[in-house]
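Subject: Structure for your attention

Dear colleague,

Please find the structure below, followed by a short account of what was found in it.

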Amino acid sequence: MHPTAPSADLEAAHAGLPRRRFLATVSTTAMTAALLSSYGTFAAMAARFLLPARERRTAWMLVSDVAAFRRGTTRTLVAPAGERIVVARHGDASDPAAAALDDFVALSSTCPHLGCQVRFEPQNHRFFCPCHNGTFDPEGRATGGPPFEAGQSLPRYELRIDRGLLFIRVPLEGVA
Amino acid sequence: MGRLAAGLRERLPVNRARLRELTNEPVPHHLKHWWFCLGGTPLYLFVVMVATGILLAFYYEASPGRAWESVRFVSEQASYGWFLRSIHRWAATLMVAAVVLHQMRVFFTGAYRRPREFNWVIGMGLLVLTLLAGFTGYSLVYEQLSFWGATVAANLTENVPLLGVMLRRFLLGGDSYNEHTLSRFFVLHGAVIPVAIVVLLTLHVALIRLHGITELRFRTERPGTPRFFDFFPDHLLTELLIGLVLMIVLCTLASVLPVPLGPRADPLSTPEVIKPEWFFYVAFRWLKLFSERTAFLSLGAILLAMTLWPFVDGSIRKRRPDSEASVVVGIAAVLAILGLTVWEASVAH
C-alpha cells in the first residue's frame with residue numbers, strides 16, 4: 001500500500017501546473033514592470049537633462065565708484081552674457097556720502113513682453129519698447145502697452161555697495 | 001470605438017496573419033542557452049547608445065575651443081549629465097565586448113559556413129564600424145589622450161597604399177588636426193557611422209531570417225526535446241531578461257565607476273603615457289612590434305583574412321572535410337588578441 005502516491009498525483013494535477021504558471025506569470029510581470037519603470041526613469045532623467053539648469057551662474061561686476069555716479073544720471077553696461085543693463089541713480093539726499101542702496105536701480109533692457117530691447121526716452125521720462133509700444137517708468141514698472149496689461153515690469157538686478165563701490169550681480173552664461 | 005478601429009485598419013492595411021508569420025520565426029532549441037543570445041546584446045546596447053547619444057548631442061559643441069568645456073558642462077552641471085555620459089561610455093565598452101564575444105561564438109560553432117558566408121562578411125563590417133564609432137566618439141571628448149590618439153591614428157592612415165595621404169586629409173579636414181577636425185568626427189560619429197550600422201544590421205537580420213538560424217544539437221539533450229520554439233513570446237522573454245540585466249549592469253557601472261574627464265587637450269604637449277581605448281590595445285601593441293608600415297599593412301591583411309575566412313575555410317573543408325583548421329586558427333587568434341591586450345595593458349610604453 002502506498003498512501004502517499006495518490007495524494008502526490010493529486011498535487012501534480014491540481015497544484016503543480018498552476019503553480020508553475022503562477023510563478024511564470026508573476027516573474028514575467030515583475031520583469032516587464034521593472035523594465036518599463038527603468039525606461040520611465042530614463043525618460044524622466046532625459047527630460048530633466050534637457051531642461052536648462054535652474055541656477056544660472058552669476059558674478060558680481062563693478063559698476064562704478066558711488067561718489068562718481070551723479071544723481072539723475074544713468075549708465076548702460078553690458079553683462080558678460082550679453083544683456084544690456086541700465087543702472088540709474090535717483091533720490092535727492094543732499095549728502096552724497098550717505099549713499100543708500102535704495103538710490104540705485106538696475107534694470108534689464110529686455111522687454112518682458114517678447115524680448116525686444118527697450119530704450120530710455122529722457123524727453124518722456126520713460127523706457128519705450130519699439131516692438132509693441134510698451135512703456136515703463138524710470139523704476140521699470142510697466143505703464144502702458146502689452147506689458148502693462150500683463151502686469152510685467154522690467155527685470156531688476158541685485159546691487160551691492162562695498163567700500164564706496166557699486167557692484168551688480170550679473171549672469172555669466174548666455175549668447176555672447 | 002469599433003468604427004475607429006475599422007477606420008484605422010482601412011488606412012493601415014496590415015494583414016494580421018501575415019504579420020504574425022513574419023514576426024514569429026521559429027527559434028532553434030539551442031537558443032535556450034545564454035551563450036547563443038549574444039547577437040541581441042550589441043543591438044540592445046546600440047539602441048541605448050542612440051538614445052543617450054542624442055541627449056548628449058544637445059549640449060556637445062564640436063569645435064576645439066568649446067568641445068572639452070561642453071563635455072565638462074554635461075558632466076558637472078547639466079542634471080544627470082554625468083550619468084547619461086557614463087551610460088553612453090559603458091555601453092560602448094560593453095558593445096565592443098559583446099560584438100567580439102558574438103563573433104567568437106559564431107566562429108567556434110561554425111555558424112559562418114556555407115551558405116552563410118555573406119553574413120559573416122556583413123558582421124565583420126559591423127565590427128569595424130563599431131570600432132570606428134568607439135574611436136570617433138572618444139576623440140570628441142577632446143581630452144589630452146583623445147586628442148593625441150586621434151592625431152596618431154590619423155597620421156597612421158597615411159600608410160594606406162595609394163589613397164593614404166588623401167584619406168588622412170579627408171579625416172582631419174586638413175594636413176593636421178585643425179578647427180574643422182572635430183566637426184568631421186562629430187558627423188562621422190553621430191550620423192554616418194550609426195546610419196551605416198543600421199543598414200548593415202538590417203541586412204544582417206534579414207539574412208538570418210532568410211537562412212533561418214543555424215541549428216545545433218547537443219549530446220546532453222534529452223530525447224524528444226522539440227527542435228524549435230516560438231519567437232513570441234518565448235524568445236522575446238529571453239531578450240527582455242537580457243535587456244533587464246544589461247540595464248542593471250549599465251546603471252551599476254555608471255553609478256559606481258562614472259566616466260572621468262581628463263585634462264583638456266593641449267596640442268603643444270604630448271602626455272607622458274599615451275594609450276588608446278582598451279579595444280585598440282591589440283593594434284597599438286602590434287604597431288610597436290614592427291616598423292610602422294609593416295605593422296599597418298599586416299593589420300589590414302589580418303582584417304581582410306578575417307573577413308574572407310568563410311571562403312578560405314570552405315576551400316580547406318572541400319579538400320579535407322574533417323579538417324579542424326578553423327578551431328586551431330580561432331584558438332591561436334583569441335590567444336594572440338588576449339596576449340597582446342594584456343601585454344599592452346600591463347606596461348607603460
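In chain A, strand β9 and strand β10 (residues 165-171) pair in the antiparallel sense over four bridges; two strands pair if DSSP finds at least two bridges between them. Within this pairing, A:Arg160 stands opposite A:Phe167 of β10(A). The two strands belong to an open sheet of three strands, ordered β1-β10-β9 in chain A, with antiparallel pairing. Its edge strands, each of which pairs on one side only, are β1 (58-65) and β9 (159-162) of chain A. On average, neighbouring strands of the sheet are turned by 35° against each other, direction ignored.

Please note that this is a predicted model, in which local features need pLDDT of at least 70 and side-chain atom pairs count only at pLDDT 80 or more, while totals for chains, interfaces and linings use all residues. Residues are numbered from 1 along each chain as its sequence is written, and chains are lettered from A and ligands numbered from 1 in the order in which they are written.

Chain B as a whole

Chain B has 13 helices and two strands. Helices (H or I, at least four residues) and strands (E, at least two) are DSSP runs, numbered from the N terminus. Along the principal axes, the C-alpha atoms of chain B fill a box of roughly 70 × 65 × 40 Å. Of its 349 residues, 27% count as buried. A residue is buried if 20 or more other C-beta atoms lie within 10 Å of its own, exposed if 12 or fewer, and partly exposed in between, with C-beta atoms placed from the backbone. Two residues are in contact if their C-beta atoms, placed in that way, lie within 7 Å. Among contacts in chain B between residues at least 6 apart in sequence, 80% join residues at least 24 apart.

Two packed helices are described by the angle between their axes and the distance between the axes. Here the axes are lines fitted to C-alpha atoms, for helices over the stretch in contact, and angles run from 0 to 180 degrees between N-to-C directions.

Helix α5 (residues 81-108) and helix α6 (residues 117-140) of chain B pack at an angle of about 160°, and their axes are 10 Å apart. α5(B) and α6(B) are therefore roughly antiparallel to each other; angles under 35 degrees count as roughly parallel, over 145 as roughly antiparallel, 65 to 115 as roughly perpendicular and the rest as oblique. α5(B) passes α6(B) in a left-handed crossing, a term used if the near helix is turned anticlockwise from the far one by less than a right angle, right-handed being the term if clockwise. Residues on the α5(B) side include B:Ala92, B:Met95 and B:Val99, while those on the α6(B) side include B:Leu126, B:Leu127 and B:Thr130. By class, this contact of α5(B) with α6(B) has six nonpolar, five polar and no charged residues. Ala, Val, Leu, Ile, Met, Phe, Trp, Tyr, Cys and Pro count as nonpolar, Asp, Glu, Lys and Arg as charged, and the others, Gly among them, as polar.

α5(B) also packs with α3(B), at an angle of about 155° and with the axes 9 Å apart. This pair, α3(B) and α5(B), is therefore roughly antiparallel, and its crossing is left-handed. Among the residues making the contact are B:Leu45 and B:Met49 of α3(B) and B:Ala91 and B:Met95 of α5(B). The contact of α3(B) with α5(B) has 15 nonpolar, five polar and one charged residues.

Individual sites in chain B

B:Leu31 lies in the loop between β1 (26-28) and α3 (40-57) of chain B. B:Leu31 is buried, with 20 other C-beta atoms within 10 Å. Leaving aside neighbours within four places in sequence, B:Leu31 is in contact with B:Phe36, B:Cys37, B:Ile213 and B:His235.

In helix α11 (residues 281-289) of chain B, B:Val282, B:Ala283 and B:Phe284 are buried. The buried residues of α11(B) pack against α12 (292-319) and α13 (325-346) of chain B. B:Trp343, in helix α13 of chain B, is partly exposed, with 14 other C-beta atoms within 10 Å.

The interface

Between the chains, 15 residues of chain B are in contact with twelve residues of chain A. On the chain B side, α5 and α10 (231-256) are the elements that give two or more residues, and α10(B) gives the largest share, six residues. That side divides into eleven nonpolar, four polar and no charged residues.

Yours sincerely
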